[in-house]
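Please keep the sequence and the structure open as you read.

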Amino acid sequence: MTDILEKEILAGIAAAADEAALEAVRVAALGKKGTISDLLKSLGAMSPEEKKVNGPAFNGLRDRVQKAIVAKKSELEAAALNARLASERVDITLPVRPEPAGSVHPVSQVFDEVVAIFADLGFAVAEGPDVEYDDYNFTKLNIPPDHPARQMHDTFYVAKQADGSQHVLRTHTSPVQVRTMLNQKPPIRIISPGRTYRVDSDATHSPMFHQYEGLVIDEVTHLGHLKWVLEEFYKAFFEVDKVELRARPSYFPFTEPSLEWDIRCDRSGGQIKFGTGNDWLEVAGSGMVNPRVLENCGIDSSKYQGYAFGGGIDRLAMLKYGIPDIRSFFESDLRWLKAYGFAALDIPTLDGGLSR
Ligand code: DAH
């Protein structure tokens, strides 16, 4: 009789597909009201002779069933673990996260490069608004309303304010000099990259473009300092061991004397190389800050003097990264951005490399 029961139970154990099914078999056999438990209970009512035979038989049955359940249980656990391992498998050869689709615009990259280099030379970053007072863009920079130098800039004028004041889209970053001198006491060492605007558009001019402006005001400054700073800047920016600069006399109302700088380069190979060759390329305007500008901005020109310089950021980007047309910077062509853009985590630093 117990033979059939044992077969049935063992078959149930063998067929259990998971731990829940196995548990059901166990309860049916060994639970409080289980078949084997009932058999064991029935021993109490038996005669000593019957007990002698059935006792060991029932207990043996219980032990074998228990053993079979334990064995099946560990088998099911192992199978469940293996299934989980298989389903949660990680392919470590896959990229950790998708490649970023966006890129840093070359103008933004050059902004960061310029700032990194001048920060290393002890310059702080200063900023000003795109919509600027006519007074800061021109008048305080020694370009009063009827001054002929106003014609040097094709200006976007903004409608006059109710109080009669005139705003312009700043035609250069030089008004940041004014803002800085009005708000800070010397010594001053600032670099100011930013957007600028002029009524002009062709392959080398865009109505919106970018400049950087440098200003140093201290008790003792001279053109030698200016030249050294520019040399250090161009060397670092173009990532070459040496550069050669050539100064030409020029005119800017806000500097006296005024100089324009050319950099020695080689254009013979179709590509432009800096530091060698027999060609010259104009790179920056500069000069000693006109004492009238210092006085306009509340700085004692008998105690302080300074130098200033400025140039085009888009132009620097075109030269360094071989981009032929300035208008392509602002067309938002995805293919162009992919070709000329920079990886978002390639933040330019002097020790880590500017462009890579
Ligand atoms: N602001 C000038 C321009 O827009 C560039 C410039 C020339 C800036 C001489 C300067 C400077 O600071 O000293 O063309």
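Leaving aside neighbours within four places in sequence, Glu 256 is in contact with Met 288 and Asn 290. Contact here means heavy atoms within 4.5 Å. This is a predicted model: local features need pLDDT of at least 70, side-chain atom pairs count only at pLDDT 80 or more, and totals for chains, interfaces and linings use all residues. Residues are numbered from 1 along each chain as its sequence is written, and side-chain values use heavy atoms, with hydrogens and water left out.

Glu 256 lies in strand 8 (residues 255–266). Helices (H or I, at least four residues) and strands (E, at least two) are DSSP runs, numbered from the N terminus. An unreviewed UniProt entry places the feature "binding site" at Glu 256. UniProt positions follow the numbering used here, feature names are shortened, and annotations may be inferred rather than shown by experiment. Glu 256 has a relative accessible area of 49%, so it is partly exposed. The classes are buried (under 20% relative accessible area), exposed (over 50%) and partly exposed (in between), with a 1.4 Å probe and protein chains only.

How many salt bridges does the structure hold? There are 22. A salt bridge is a side-chain nitrogen of Lys or Arg within 4 Å of a carboxyl oxygen of Asp or Glu. Three of them are listed here.

| Salt bridge | N to O distance |
|---|---|
| Lys 320 and Glu 113 | 2.7 Å |
| Glu 132 and Arg 179 | 2.8 Å |
| Arg 248 and Glu 282 | 3.8 Å |

Take the pair of Lys 320 and Glu 113. Lys 320 sits in helix 10 (residues 313–321) and Glu 113 in helix 5 (residues 106–120), so the bridge ties together parts that are 207 residues apart in sequence. Both Lys 320 and Glu 113 are buried.

Next come Glu 132 and Arg 179. Glu 132 belongs to strand 2 (residues 131–133) and Arg 179 to helix 7 (residues 175–183), so this pair ties together parts 47 residues apart in sequence. Glu 132 is buried, at 0% relative accessibility. Arg 179 is partly exposed, at 22%.

Arg 248 is in strand 7 (residues 245–252) and Glu 282 in strand 10 (residues 279–289), so the pair ties together parts 34 residues apart in sequence. Arg 248 is partly exposed, with a relative accessible area of 29%. Glu 282 is also partly exposed, at 41%.
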